[in-house]
Amino acid sequence: MQFQIDNMTCGGCVRRVTAAVQSVDSAATVTANVGEHRVDIQSTSTQQAFLAALESAGYPAKPVV
């Protein structure tokens, strides 16, 4: 699943986004593109769980369809 995270602008943001994702699923694979403000997550957890974790971490996300 892919998300747009407009305020993900640096490597520190990527680390915090990755930590938020892995708080939901420690086995999740996270691929971030800072230039496009997008993150791709490979996981069996739900999209809603990731949206909630990212929001809580200060990185509100929108699903990319």
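**Exercise 1. Find the element that holds Ser-23, then decide whether Ser-23 is buried or exposed.**

Start with the place: Ser-23 sits in helix 1. Helices here are DSSP runs of H or I with at least four residues, strands are runs of E with at least two, and both are numbered from the N terminus. Next, the cover: Ser-23 has 58% relative accessibility, so it counts as exposed. The cut-offs are under 20% relative accessible area for buried, over 50% for exposed, and partly exposed in between, with a 1.4 Å probe and protein chains only. Last, a distance: Ser-23 and Val-64 lie 41 residues apart in sequence and 21 Å apart in space, C-alpha to C-alpha.

A word on the ground rules: this is a predicted model, where local features need pLDDT of at least 70, side-chain atom pairs count only at pLDDT 80 or more, and totals for chains, interfaces and linings use all residues. Residues are numbered from 1 along each chain as its sequence is written, and side-chain values use heavy atoms, leaving out hydrogens and water.

**Exercise 2. Work out the order of the elements along the protein chain.**

Count up: the protein chain has two helices and four strands. Then walk from the N terminus, and you get β-α-β-β-α-β.

**Exercise 3. Take apart the largest nonpolar core.**

Begin with the members: this core has 16 residues, and those with the most contacts inside it are Phe-3, Ile-5, Val-17, Val-21, Ile-41 and Leu-54. Such a core is a set of buried Ala, Val, Leu, Ile, Met, Phe, Trp, Tyr and Cys residues joined through side-chain atoms within 4.5 Å. Then the suppliers: helix 1 (11–24), strand 3 (38–42) and helix 2 (47–56) each give at least two residues. Helix 1 gives the most, with five residues.

Finish with Phe-3: leaving aside neighbours within four places in sequence, its contacts include His-37, Val-39, Ile-41, Phe-50, Leu-51 and Val-64.

Definitions and conventions:
Contact means heavy atoms within 4.5 Å.
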